Amino acid sequence: MKALRVIFFCGFGLIGLTNLHAQTAPIGVYLDNSGGSQPVSQLQSFPATYTFSNTAVGSSSSIGARVVNTSASAIQISAIGFVTGTDQNNNFTSDLGFDLTLAPGGSQFFHIFYVPTQAAATTASAQIGVVGTALVTFSMLQGTGTAAQLSLSCSNAAVSLCNGSVLQPNEATAINFG
């Protein structure tokens, strides 16, 4: 850590403060398409902004990631959250476990999921909580939910337009659920 020396000018002279330290985040977060099998040195840092592909409401998109302890002592991951303003954004979730302890240089693979709840664009700050450290924001996530698509097909020779092909918009056929 780098020590900072701050000097204030108060009408009567200068006051110096020492021993203030700039805190370095004890973790690094990386994109990981290997499921956790590649060495960290071969991974790309998680970008400052990550955009998920357009995703239909009711389905999900995901990205693999890995959190790495970059400090000289063991750390404990206490939380992961996705925040818009001051509110939790439930369009983004993760399978990263809480109360996870990582030794120095240790890492944990996890997924981030985008599960849109409505057909609209959304953004959230991705944050990981480390015990004894302020929340570490590692990326701004973006995603656009699209309208869910419904596709019907049927296979019953006794019903017109029911030959196994997908029904096109504005086509109709009888459907028997009995």
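This is a predicted model: local features need pLDDT of at least 70, side-chain atom pairs count only at pLDDT 80 or more; totals for chains, interfaces and linings use all residues.
Q: Which residues touch the most other members of the largest nonpolar core?
A: Phe46, Ile77 and Ile128 do, in a core of 27 residues.

Q: And which strands supply at least two residues of this core each?
A: Strands S3 (27-31), S7 (61-69), S8 (75-84), S11 (100-102), S12 (107-114), S13 (121-130) and S14 (136-146).

Q: What does Ile77 touch, leaving out residues up to four places away in sequence?
A: Its contacts include Ile27, Val67, Leu96, Phe98, Leu100, Leu102, Ile128 and Val130. Gly97, Asp99 and Gly129 are also among them.

Q: Switching to rings. How many aromatic pairs are there?
A: The count is seven. One of them is Phe46 with Tyr50, a tilted pair with 5.8 Å between centres and 50 degrees between planes.

Q: Is Phe46 buried or exposed?
A: Phe46 counts as buried because its relative accessibility is 7%, and the cut-off for buried is under 20%. Tyr50, at 19%, counts as buried as well.

Q: What about Phe46 and Phe138, how are those rings arranged?
A: Edge-to-face, with the centres 5.3 Å apart and the planes at 90 degrees. Phe46 sits in the loop between strand S4 (44-45) and strand S5 (49-51), while Phe138 is in strand S14, so this pair ties together parts 92 residues apart in sequence. Both Phe46 and Phe138 are buried.

Q: Which residues make up the aromatic cluster?
A: Phe46, Tyr50, Phe52, Phe82, Phe92, Tyr114 and Phe138 form one cluster.

Q: How many bridges hold S3 and S7?
A: Five, in the antiparallel sense. Val29 has Val67 in S7 as its bridge partner.

Q: Which strands pair with S14 in the parallel sense?
A: S5 is one of them, over three bridges, and Thr49 stands opposite Met140 there. Strand S6 (residues 55-56) also runs parallel to S14, joined by two bridges, with Ala56 partnered by Thr146.

Q: And S13 with S14, parallel or antiparallel?
A: Antiparallel, over eight bridges. Ser125 stands opposite Met140 in S14.

Q: What is in the hairpin between S13 and S14?
A: Five residues lie between the strands, and Gly132 takes a positive phi near 85 degrees in this hairpin.

Notes
Residues are numbered from 1 along each chain as its sequence is written. Side-chain values use heavy atoms; hydrogens and water are left out. A nonpolar core is a set of buried Ala, Val, Leu, Ile, Met, Phe, Trp, Tyr and Cys residues joined through side-chain atoms within 4.5 Å. Buried means under 20% relative accessible area, exposed over 50%, partly exposed in between (1.4 Å probe, protein chains only). Helices (H or I, at least four residues) and strands (E, at least two) are DSSP runs, numbered from the N terminus. Contact means heavy atoms within 4.5 Å. Rings of Phe, Tyr and Trp (its six-membered ring) pair if their centres lie within 6.5 Å; planes under 30 degrees apart count as stacked, over 60 as edge-to-face and the rest as tilted. Two strands pair if DSSP finds at least two bridges between them.
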